[in-house]
Amino acid sequence: MRTAHVGIRERRLDGFAAFMCLIFGLGLALAFLTGDERFMLAVKFVTTGVMAVVLVATCVAGHPAAYGMAKRFGADDAATAARWDVLYEADPKFRRGYMAMTLTWAAALVTESAVRIPLIYLLPVDIMAGLSSALLIGTLTLVAVWSAWYGRRAEQAATAHHQTT
């Protein structure tokens, strides 16, 4: 409700907030479908799958989500965000870097989901309940660390190239 209120008040949709509302809302809606324990564990499969589809869609639309996320959470100040905007507009390699990061996140989420589903039905529910969260957190942590490294590397290369031209 807050996302809608802010969107109406400021006449601007916060894509990240809307995305998170979609994911949590989808998980909540699917949780009410059945009381089956294994299905409840499989709900994360659906939400991470939807996240992957949305990430790929942002690439297809030409606005990779990783760039927006990097600006939102990684830019220390407005000057850094503005510098990144210049690099994003001027340097195709810089743009491709964010495309690659977004697609890597999508691939990681799909892979994590593909590993999770068989485990849900092979392992006892009580073990899989903890393992499911650990699998997701581990995947997100690994990809976040890689993204930070890759993003810094792409920014340094683009800055060096931009300064020499």
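Let's start where two helices meet: the axes of helix α4 (residues 65-74) and helix α6 (residues 92-122) come within 7 Å and cross at roughly 100 degrees. That makes α4 roughly perpendicular to α6, a label used for angles of 65 to 115 degrees, while angles under 35 count as roughly parallel, over 145 as roughly antiparallel and the rest as oblique. The axes here are lines fitted to C-alpha atoms, for helices over the stretch in contact, and the angles run from 0 to 180 degrees between N-to-C directions. Helices themselves are DSSP runs of H or I with at least four residues, strands are E runs of at least two, and both are numbered from the N terminus.

Before going on, please keep in mind that this is a predicted model, in which local features need pLDDT of at least 70 and side-chain atom pairs count only at pLDDT 80 or more, while totals for chains, interfaces and linings use all residues. Residues are numbered from 1 along each chain as its sequence is written, and side-chain values use heavy atoms, with hydrogens and water left out.

Which residues of α4 meet α6? On the α4 side they are A65, A66, Y67 and A70, and on the α6 side F94, Y98, M101 and T102. Contact means heavy atoms within 4.5 Å. Seven of the residues in this contact are nonpolar, one is polar and none is charged. In this scheme Ala, Val, Leu, Ile, Met, Phe, Trp, Tyr, Cys and Pro are nonpolar, Asp, Glu, Lys and Arg are charged, and the others, Gly among them, are polar.

Several of these names return in the largest nonpolar core, which has 13 residues; Y67, W84, F94, Y98 and M101 have the most contacts inside it. A nonpolar core is a set of buried Ala, Val, Leu, Ile, Met, Phe, Trp, Tyr and Cys residues joined through side-chain atoms within 4.5 Å. Buried means under 20% relative accessible area, exposed over 50%, and partly exposed in between (1.4 Å probe, protein chains only). Two or more residues of this core come from each of α4, α5 (78-90), α6 and α7 (125-164), and the largest share, four residues, belongs to α5. Setting aside residues up to four places away in sequence, Y67 touches A81, W84, D85, Y88, F94 and Y98. There is also a second, separate core of eight residues, including F19, M51, A52 and L55.

Now let's visit T48, in helix α3 (residues 37-60). T48 counts as buried because its relative accessible area is 2%. Its side chain makes a polar contact with the side chain of S113 at 2.3 Å. A polar contact is a pair of N or O atoms within 3.5 Å; within protein, one must be able to donate a hydrogen and the other to accept it, and residues adjacent in sequence count only if both atoms are side-chain atoms.

Is R116 buried or exposed? R116 is buried, with a relative accessible area of 0%. Leaving out neighbours within four places in sequence, R116 is in contact with L41, K44, F45, M128, S132, L135 and L136. One of these, L135, lies in helix α7 and is partly exposed, at 21% relative accessibility.

Finally, step back to the whole chain: it has seven helices and zero strands, and buried residues make up 31% of its 165 residues.
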